[in-house]
Amino acid sequence: MSTGPAVAPGAPAGPSRMLRQRRIEEYDPERLGLPKPPGFIRTFFRRNPWIVDTALMAMFYYATLASVIAVAVTDVSLPLTLLVALFAIVTTAGILFRRFVPRILAGVTCASLLIVVPGSSPGSTASFAFVIALYALAVYRSARSAWIFTLIGTGAAVAGTAMSGQLDPITLFVAFIGYSMSFVMATLIGITVGNRARYLDALLGRAAQLARERDQQAQLATASERARIAREMHDIVAHSLTVMIALADGATSTATSDPERAKDAMGHVAEIGRTSLTDMRRVLGVLTQASGDGADGETAADSGLALAPLAPQPTFDELRPLVDSYRAAGLPIMLTVSGAVPQEPAVQLTVFRVVQESLTNALRYARTPSRVDVVVDFSAANEASASITDDGLALAGDAPAAASLGSGRGLIGMRERVALYGGTVEAGPLHPHGWQVRAVIPTTPVETTSRSITS
């Protein structure tokens, strides 16, 4: 009796073709930053599994061809010969596609173990095919399926031995031991290889997930940084230009009637322009000094832009100069500050930017307001509030100012900035006229001396 080889020779330790293709495309080690897998020969056969499949099919083809010829030349019935030939063809095709249909291959080979041909050893080639099927089941499906077919195949092999006329208990026991050991060894080897492949798949999947999350975090960080830069550029450019335009309009209207006032207004325009240019250079310095070159490969020095030294963001102490600049542009501002100013730079910067944006909108859109109230309140224990209100009263006989179109980024950027610290912004018109902006920012209470300023 021949039980056939215990394991399928040359069987690769790798996943199915679909899983292998996913590894190549999605789990590329170079893209994931992993080292190159060792073993040139193993890697080659893993990337080209059809070579191993074809070799196994050829081995079984020649072995089963000899068996079919032997059956054909013996004195057996034609239906039995055709049955043996049919099972040989189906099993050969199943070995070629064992990665995709391992259960079908296992079922066909189990049935082949029951076919008894007079004058031949029972299960001579069918046991070899069944070993291949068990290995494929354990690697490409599950260990449970492999163990179930191990039991079924062992019973079928022993039943085939008994149907061949060998009913001696010792012979049947030896057949049971031989077949069971071969099948169990094939299953154990397949389970080991399959578990290793599934473990590697899990590791590569986790690495791919981490790589995707890394790319997503980088994209989110890039978008957040772009939004922050857009807000800073809006604070610098739009606000300063609004004040400069208001001052220039005033200087134009008073150039003949009050030259000294027009001269003072143009002096304010020049001062604000120089300050804005310095601030813009600082922002551009942050963007260019990190890499040392510009977007087109030029350094800042090559492009003729002298970068100003980096400076901290505005604090609450700079609020009064800000209000004075808007007063010079024609806004009748009344500033009231109460409570202890919190020490958090982020809260001070947020209040400063909210007041700056609100005064810019009042200067740009409010028609001849008679009063603009800026009320900053730090008296609450855990929050700071800033309220900017204008009456927007249009006086009779005044010429309307030139229309100024906004981008809508002002209020959006204000809400985003305040929401970053868990605060809220409410903005809307007042009845019968005017506009109000109110922002509330959570703070950490500090023990400092309270103060109340009205100017």
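In this predicted model, I170, F173, V174, F176, I177 and M181 form a nonpolar surface patch of about 580 Å² (patch residues have over 30% relative accessible area and no salt bridge, nonpolar side chains being joined within 5 Å; areas follow the Shrake-Rupley method with a 1.4 Å probe). V174 is placed in helix α9, residues 169–253 (helices are DSSP runs of H or I with at least four residues, and strands are runs of E with at least two). V174 counts as partly exposed, its relative accessibility being 45% (buried denotes under 20% relative accessible area, exposed over 50%, and partly exposed the range in between). Residues are numbered from 1 along each chain. Local features require pLDDT of at least 70 and side-chain atom pairs pLDDT 80 or more, whereas totals for chains use all residues.

The structure contains 4 salt bridges (a side-chain nitrogen of Lys or Arg within 4 Å of a carboxyl oxygen of Asp or Glu). D53 pairs with R98, with the closest N and O atoms 3.1 Å apart. D53 belongs to helix α4 (residues 49–73) and R98 to the loop between α5 (78–96) and α6 (102–113), so this pair ties together parts 45 residues apart in sequence. A salt bridge also joins D53 and R99, at 2.9 Å from N to O. In the salt bridge between D373 and R371, the closest N and O atoms are 2.6 Å apart; D373 is partly exposed at 23%, and R371 is partly exposed at 41%.

The protein chain comprises 13 helices and 6 strands, and 39% of its 455 residues are buried.

Terms used
Heavy atoms only, no water. Patch = residues over 30% accessible without salt bridge, like charges linked within 9 Å, V, L, I, M, F, W, Y side chains within 5 Å. Buried < 20%, exposed > 50% of the residue type's maximum accessible area, 1.4 Å probe, protein only.
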